[in-house]
Amino acid sequence: MTNKTTSLYQAVFDPRSIALIGASGDERKNTSRPQRYLRKHGYTGRIVPVNPGRDEIFGEKAYPDVTAVPDAIDHAFIMVPTGAVAAALEQCVAKKIPVVTVYSDGFAETGAEGRARQQKLNDILRGGSTRLIGPNCIGLLSTQTHLALSVNAVLEKLDITPGGLAIVSQSGSMMGGLMSRGLGRGVGFSKLISVGNEADLGVGELAGLLVDDPHTDAILLFMETMRDAEHLARAARNAFDADKPVIVYKLGRSEVGQDLAASHTGAMAGTDEAVDAFFRAHGMLRVDTLETLFELPALVKGHKPAKRRRVAAMTTTGGGAACVVDRIGTYGVDVVGPTKALIAALAQKSIAIGKSRITDLTLAGAKKEIYGGVLNALLASDHCDLVLAVAGSSAQFQPQVAIEPIIEADRRDKALAVFLTPHAEASLKLLANAGVAGFRTPEACADAIRAWHEWTPPAVIPAPDKPRTAAAGKLLAAAAQKQLNEQQACAVFGALGVPQAQTAVMADADAAVNIGYPVVAKILSPDIAHKTDAGGVVLNIVDAAALKQAAYDILARVRAKHPEAQLNGILVQRMERGLAEVIVGYKRDPQVGPLVVIGVGGVLAEIYHDFAMRLAPVTPEAAMQMIGEVKGLAVIRGYRGMPRGDCAALAQAVAAFSQLAALDAITEAEINPLIVKPEGQGVVAVDGLIVQRDN
């Protein structure tokens, strides 16, 4: 940590003095809780109640306002009515209190008037050194410093077990649930913090403080939205380097497609998919169940993403294993059977296993030496990267048979996931104490393996190609309009390094062009994104006479359908053919920033939801991975002996196109289609769209 972040960390999680502004001596009120909880949970620092109507609260001297407190305050907790918060914050800023947490609600979460009140809080902070958590924040805990600075009712009776998990939550109401669920699974916590409305300090900065926290092994995030992607990205990358996994449970899976843009790729780039791309780019793991949030850390602790992601499964109950394996199969996880060498090695130890992808030991496996022997053999084998061990009834009634071999196994550097089919809390506790990832449900186990399978190191972010982006920027400035026509858009893509089809422009239907036939004629207009729907495209034009007639027809149809559209003439383009048509899209997402998307050309990518997305810009290597993820592009990857397309040229074009991220004015862009020719013959863009933000 720097000196600045160290001071912030201490003020947030290890304050020597706390002012409770609006503290109450009535135990029935929420505003009495922080003072009572701090003492109940062992906080030894100075507590300063602030209430103009009291001289003393729960044995502590009270002050009329924070400016009357004679000594320095490290952290203030504001609990006054909404209308009094601004004045209280002004006093805290004047007293130079490093951190203020605002419990009071009635701010941005309530609408326009609340947003204005919240903006006033930010205005008060401006120019000072005080940082703000909240408003609408239920509080925070630090088990090492016995800091229970919260109004959460769960702290009335629940003791928090110290441990290595830290939680940062955007939901204050979920804090109690998260604590109880975690404790019920035998895990302990280092820090828990609710961020409220994130007017100032948010998930990213607070998670960043936990990266260097010696008491934190993993950082768990409960998220509802993304407010500060830059700080979260930095925190996640630093945490990855520090071997502290960042695991996210985020709401919003059902919001895909709601934030549509005008282009095809805008429709594909739904908010949740953009967030997924963000998590993947910065080395974070996303889970779909709350159980996994607490059970996954033990699976990935001490590990980095595997280069290969093969899973070997062993069990004493075939049905129990199938509950997990069947589900992970839908995620595309590769479940591999034992090798001939492994089968032979176990046979020499009088342990017989089959060739099935699930090593089912049946009743014979209900012996410690057999279960342990097979488990150790799988853990030692290089044919798999994770071992899934499933135990049946013996986990409940004979832990010495099912659990002891797991605890005693030589796990080496391999991930191990254990699913117990019966309800076996005692065995799960044994696994937790040994640092083994044990799972209560097949759904959580499969979810954890999926998250492990999708986990990647933080993506390489290529530097801008300054000469090319500068040239593209000049073309954008020269266009001087919000939406560019096709010729202007394709010129920008060409400046970035995307190959273009040979084109010419007819100012009117009688103009001559010098271009080889056959050609396609298209209306040229910044106002018509979907030219075919407007009757503005004619294909396979074989000579000048046919081109002239096509131009007359196009202009007549388009003027009839779009009388108000600005028409810049007829774009004539050399007909291009290839093995496949690809759509390449770009969007500047309001939450996570620039994104690049590829899919099969036309509307098929939308219909089949078959596309790949990354944060932009990308390297050619990352673009090649994207090509491999699109099922519809198997036709250019040599599927069943089909001729291969020029995937290398496609990857280079996608990487060049993604350099649009350096051009802040562009909100979205699209090449549809980008034609992929046979291997070694390149790619060519034949249509394009660029939309710039309003000035």
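Reply: Two strands pair if DSSP finds at least two bridges between them, where strands (E, at least two residues) and helices (H or I, at least four) are DSSP runs numbered from the N terminus. This is a predicted model, in which local features need pLDDT of at least 70, side-chain atom pairs count only at pLDDT 80 or more, and totals for chains, interfaces and linings use all residues. Residues are numbered from 1 along each chain as its sequence is written, and side-chain values use heavy atoms, with hydrogens and water left out.

Me: What makes E10 and strand E11 a pair?

Reply: Strand E10 (residues 162–169) and strand E11 (residues 189–194) are joined in the parallel sense over 6 bridges, and Ala-166 stands opposite Lys-191 in E11.

Me: Why is Thr-619 called buried?

Reply: Its relative accessible area is 14%, and buried means under 20%, exposed over 50% and partly exposed in between (1.4 Å probe, protein chains only), so Thr-619 counts as buried.

Me: Why does Gly-127 count as exposed?

Reply: Gly-127, found in the loop between helix H4 (112–125) and strand E7 (131–133), has 82% relative accessibility and therefore counts as exposed.
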